[in-house]
Amino acid sequence: ILPQVPADRVAFGNIDPAGIFRIGTVDDVKEKVRTLLEDMRSFKNFVLSSGCDMPPGIPIANVDAFFQALHEFNS
C-alpha cells in the first residue's frame, strides 16, 4: 500500500508487539527491523514503529535491539 501513500503523508510500519517484541529474541527483533527497513528503503515517508500498543513484559533487551538495529541501518 505504501506506493499509494502520498509522499507528504507519513506511514508507520509495524514490528509485531506480541509476536516479536514480547516473545521474540533479540536476534528476531533485529532481523525483523532490518528486513522491514530494507523493504521500505525507497520510501522517505516511512517511519519505523511497533504495530500498536506494547504489551507488558517485553524484555528491555528487545526494545534496545529495536533501536540498535535502526541505528545500525542508518549508519
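User: Is D8 buried or exposed?

Analyst: D8 is exposed, at 59% relative accessibility. Buried means under 20% relative accessible area, exposed over 50%, partly exposed in between (1.4 Å probe, protein chains only). One caution: this is a predicted model, where local features need pLDDT of at least 70 and side-chain atom pairs count only at pLDDT 80 or more, while totals for chains, interfaces and linings use all residues. Residues are numbered from 1 along each chain as its sequence is written, and side-chain values use heavy atoms, leaving out hydrogens and water.

User: What does D8 form a salt bridge with?

Analyst: R9, with the closest N and O atoms 3.2 Å apart. A salt bridge here is a side-chain nitrogen of Lys or Arg within 4 Å of a carboxyl oxygen of Asp or Glu. R9 is partly exposed, at 48%.

User: How many salt bridges in the whole structure?

Analyst: Three. Another one joins E31 and R34, at 3.7 Å between the closest N and O atoms. R41 and E38 also pair, at 2.9 Å, N to O.

User: Why are E31 and R34 about one helical turn apart?

Analyst: Because they are three residues apart in helix α2, residues 26-39. Helices are DSSP runs (H or I, at least four residues), as are strands (E, at least two), numbered from the N terminus.

User: New topic. Where is A11 found?

Analyst: In strand β1, residues 11-15. A11 is buried, at 14%.

User: And which residues does A11 contact?

Analyst: Beyond its neighbours within four places in sequence, L2, N45, F46 and V47. Contact means heavy atoms within 4.5 Å.
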